[in-house]
Amino acid sequence: MNLTLESANQQVVVDRQQEHLLELRSVSKFFEVGTRPISNRRVLNDVTFDLSAGEFVSIIGPSGCGKSTLLNLISGLDEAFTGDISYSETTGSRLGHISYMQQKDLLLPWRNVLNNAALSLELRGVSRDESLARASTRLGEFGLADHANDYPAQLSGGMRQRVALLRATLADTPLLLLDEPFGALDALTRSEMHGWLIGLLANSGKAVILVTHDVDEAILLSDRVYVMKSDPGRIASQFDVEIGERTDHGVVTSEAFTALKATFLAALRSDDDSGEAK
Amino acid sequence: MASARSVSLPSIMNIAREWLPPLAIGALGIIAWEVWVRAFDVQRWLLPPPSSIINEIVDSRGLLTEHAFITLQEIVIGFALAAGFGALLASAIAYSKILERSLYPFVIASQMIPIITIAPLLLVWVGPAMTSKIIVVGLISFFPIVVNLVDGMKSVDQDMVDMFRTLGASKRQIFLKLQIPTAIPFLMSGLKIGVVVAVIGAVIGEWVGATGGLGWLMRLSAPQFLTARVFAAIVVLTVMGVILFAIVGLIERMVLKRYPRMN
């Protein structure tokens, strides 16, 4: 009896060491007409990658290459695909276990900042008072301390995105999906948000998958970048990013940064699947 | 001091700008009516001048108040029932596809039945007391409430629904925390239309057969050539309708304060 328990525990430990937080194996998705997939039109073809806890990964690629589709599959919103997605947190539906922040802030116009942020806790069954109390302790970190009682219509674009990010963060999942979260912001605000996001995530232990058009953004924020191509949507190449101290303002004009940028732009333009193609 | 003036002065101007034109048009119309009746010596039983309508309102204020109160009761109870049942039915329709398919056609079909043909039947079924009038009011005002509420609940943005789902929301949570709040402005529009037709419903019900109420009073006064009394009842009914509409409008404005984007 004791023996079996012990070996079972050991098995768990071994599993944890081997497992990534997220594993995608040959994930493909077909165009659908109604509910019937059309087998010769692929939206995503054979996407395979792993993500470990705490890693920040970016996916860049042209519009229509299936980046958002991929996030919809990972989040659990869309379950119609072939291949395998495994997430170490749960073997069931991933809905509620992965935070997903979209380009649109999707704030509820009838809730003020505090109540919008607390929504994610409320939906997990945390009482309303407790949700509000916990959300309000985090407002300062997100630069929203003075805006707890403001309604979304009164906020700037950058502030709205921060509320949406606070809402996603409060769900307290080990994986955060960001679908062009800063795409609608002006360049200056976006750059401010980058610096702030780096600080926020630094010691959180959260893994992030960021989808973006913006090469600078991808290099600045990520440990690893996947370049996607369209027709069919696939991962064409991947690169590790080593650029040194990210919070340094000079980083975006450093030699390592510009060299990487040139590589990415070339990879995005090239027609063949070069690089470390998967 | 300066700031107080700069706030209050324009607001008085705004109120004046808003209310003066309709008041002026109304006053002009009443004066023209009075002059017309006097100049051409129109028979009082055919068309009484405004002055004798006002006299009638003052003279019969007891009678008018008594019957106005009956009509008001019918409107308020019937409207409240319509709002309650309407909200329940709309929720059921918005919550379940099967319920939508099985119930919605009947909701729409119910509006094709002319209420004027139902009213006498109701009289036979439940008697001439207030109940039949309450039912007519309920039937007539329930439709705009249901249709608006269903539209509102279904107008939810799919991206919002997806956001709720990624946060692990159940269908019930999506309904309570997303669909219902989204539908509130639509509900308010439905209530505004509903309260107006409720007034019409009460008069139709009373006209067909009743033991009291402003509609019954008009029906009784017309054949006796008490035309001034008919007009007096119309004035009281109109004022009552406008006040009810204003109350719903006020509630709407209070509720929609929390919907800055939709205002």
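I looked up Phe40(B) and found it exposed, because its relative accessibility is 57%. On this scale, buried means under 20% relative accessible area, exposed over 50% and partly exposed in between, with a 1.4 Å probe and protein chains only.

The model is predicted, so I note that local features need pLDDT of at least 70, that side-chain atom pairs count only at pLDDT 80 or more, and that totals for chains, interfaces and linings use all residues. Residues are numbered from 1 along each chain as its sequence is written, chains are lettered from A and ligands numbered from 1 in the order in which they are written, and side-chain values use heavy atoms without hydrogens or water.

**Rings, chain B**

I counted aromatic pairs over all chains and got seven. Rings of Phe, Tyr and Trp (its six-membered ring) pair if their centres lie within 6.5 Å; planes under 30 degrees apart are stacked, over 60 edge-to-face, and the rest tilted. Phe40(B) pairs with Trp36(B) in a tilted arrangement, 4.7 Å centre to centre with 40° between the planes.

I then checked Trp45(B) and Phe225(B): their planes stand at 75° and their centres 5.4 Å apart, so this pair is edge-to-face. It links distant parts of the chain, 180 residues apart. Trp45(B) lies in the loop between helix 1 (2–39) and helix 2 (50–59) of chain B, and Phe225(B) in the loop between helix 9 (214–221) and helix 10 (227–256) of chain B. Helices (H or I, at least four residues) and strands (E, at least two) are DSSP runs, numbered from the N terminus. I have Trp45(B) as partly exposed at 43% relative accessibility and Phe225(B) as exposed at 54%.

I also found the charged end of Lys171(B) over the ring of Tyr95(B), 4.5 Å from its centre. The test requires NZ of Lys or CZ of Arg within 6 Å of the ring centre and within 35 degrees of the ring normal.

**Strand 6, chain A**

I went through residues 175–179 of chain A and found five of five buried. Leu175(A), Leu177(A) and Asp179(A) point one way, Leu176(A) and Leu178(A) the other.

Strand 6 of chain A runs parallel to strand 5 (residues 99–101) of chain A, with three bridges between them; two strands pair if DSSP finds at least two bridges.
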